[in-house]
Amino acid sequence: MYKLSLSTSGQYISAAIFEEKLVSSSIFKSDKGSTSLLLNQIEELFKKTGIKKKELDAVYFDNGPGYYTGLRIGLAVSQGICSSLGIPIIPVNGLDALAFAAHTSHRKICSIIDIKRNEFAYCTYNPLPGGVAKATEPEVITLDNLEIKISEDSDKKLLVGNWDLIDNRKILNDSNTKLADPRFVTAENIFNVGERLFQSNKYPDFNEIQIEYMREPDVTLPKENLVKMVNFYD
Amino acid sequence: MLEDKIILGFETSCDETAIAIMRNDELLVNKISSQIDLHEKFGGVVPEVASRAHAEMIRNLLHSALNEGGVELSEVDVVASTDGPGLAGSLVVGYNFAKSIAWSLEKPFLGVDHMVGHLSAPLIENPSLKPPFLSLLVSGGHTQIVLVEEWGKYNLIGTTIDDAAGEAFDKLSRYCGFGFPGGPAIQKIGDGGDETKIDFPRPKTSNKFDYSFSGLKTAAIYYLQGLPDDQPISKKDFAASYQEAIVDSLMSIFEKAVKETNVSTISGGGGVMANSRLREKLMIFAENENKDLLLPSPKLSTDNAAMICIAAKNNLITNDLGLEDIRLSSIIS
Ligand SMILES: [Zn+2]
């Protein structure tokens, strides 16, 4: 039986079908609007492999952090497929997926995902045999604070994720820091974590699946909102 | 070919997550999960808040819609969803959810224009509605006069050059702290008030069928700011007069368009079409001019998914499409 894995949280939109190992995958760089083509990308995968939708066992999806629209498309498509086929959805955190992909390192792993407006989602992990363990809680961090974080101790660090979007020499050239792959979350990274969650039944109920935005919604109040003292009687 | 077929429709273009199910001409389910509570404190729809809510709600709403209709997802024959216009972040949720359901079930999928949905909504209660007719579409996002020459041939003859009529209600309501959405709030406050108390301007535009509402809102705010401290105004009269100015503006231009296009049937839709003063004036006008007035009920005037189901169905019928035809053409776009 097969599993579908999706990542739509960043600049690269990827989809992959796995049996025990990868069967087929595709990836493309999203530009504005192209994220709604995710379903076409999935359809192409099924056509290419000849796999039937009914042969799907589960869908693994990247539930963030990352770009909001992409995440919502990933959730909507996963939920549409899973509701129709009656199969489970396994949400996988992108920071975890990046760190897990680098778990053979001996350094402390720093997972970085761009969430726009010059902020990053950030979390550190210690490598363990066969996996990783969170060393800190995930947080939203500005570039300045990331610079401070990375240079505050002399731990050997491995940066994974969107470090290529960091335009800060001090972070990139820090002698304790090594810049590494993966540079962004892929469907394959998601599968590798999702498969463990699925096998050990560690995934939430269908109704409880949430996107990890890690930030409150942007609200710009219109200026009319300032309620003036209006001279009324009832 | 559409006998006994089940259509599942989705609408998430603004702040309502809506799902409907139709079997033949029967509307089995018309579910709307309103986000009014979420947007109330901002006095308007906040796009990012709206799309988050759609993503959180849509799956459970589908579940309860299917339950209520006694329909299994596998029994659905056609899936339809609004594909625009609307808030981009909101549209993608319903559209992708709907399309992936169609894809998984290997059923045809139809994207439906939101405005065509509003134009088609009267068909649910009045299957006799036939083009040509003139429709007044008014809400927080649009103010349009559309001449439906035939199904599929829509001629936009008038629109707003600035704020939509619903925005004129919302913005003033926010300024005065009357509540959100502004239309129903102002209607309620103005109930029984003297609508002739304040003579607000009825703005003119260069195109004879176009609307303009931003000047009206500004005039109302200036009016309040100019009130002497010791001469407060009755809230009732103020709200009634403001509503009257909007309804009057809507009517006078629409009436002109009806006369000039010489249609015998008139219709309408959108959230502001739930306003009882506007409905009353349309009824009087239709009676005086001997026109057929086919308005959707208030519940089907505001954004809903039943209108998406009926628009999809109407499209299939008028273009004489079989389900096989759309399966081939529209699952991948
Ligand atoms: Zn609308």
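Which helix gives the most to the lining of the largest cavity?

## Basis of the model

This is a predicted model, in which local features need pLDDT of at least 70, side-chain atom pairs count only at pLDDT 80 or more, and totals for chains, interfaces and linings use all residues. Residues are numbered from 1 along each chain as its sequence is written, chains are lettered from A and ligands numbered from 1 in the order in which they are written, and side-chain values use heavy atoms, without hydrogens and water.

## The cavity

Helix 2 (residues 47-69) of chain B gives the most, with three residues; helices (H or I, at least four residues) and strands (E, at least two) are DSSP runs numbered from the N terminus. The lining includes Leu75(A), Tyr213(A), Arg52(B) and Glu56(B), and its residues divide into five nonpolar, one polar and two charged.

## The sheet of chain B

Five strands of chain B form an open sheet of mixed pairing, in the order 8-7-6-10-11; two strands pair if DSSP finds at least two bridges between them. Strand 8 (153-159) and strand 11 (292-294) of chain B stand at the edges with a single partner strand each, so one side of each lacks a neighbour in the sheet.

Strand 6 (residues 133-138) of chain B runs antiparallel to strand 7 (residues 143-150) of chain B, and six bridges join them. Ser135(B) has Val146(B) in strand 7 of chain B as its bridge partner. Helix 10 (residues 276-289) of chain B packs on the sheet, touching strand 6, strand 10 (265-269) and strand 11 of chain B, where contact means heavy atoms within 4.5 Å.

Terms used:
Axes are lines fitted to C-alpha atoms, for helices over the stretch in contact, and angles run from 0 to 180 degrees between N-to-C directions. On a 1 Å grid over the protein atoms alone, a cavity is a set of points where a 1.4 Å probe fits but cannot get out, and a pocket is an open set with protein on both sides within 12 Å along at least five of seven lines; lining residues have an atom within 4 Å of a point. Ala, Val, Leu, Ile, Met, Phe, Trp, Tyr, Cys and Pro count as nonpolar, Asp, Glu, Lys and Arg as charged, and the others, Gly among them, as polar.
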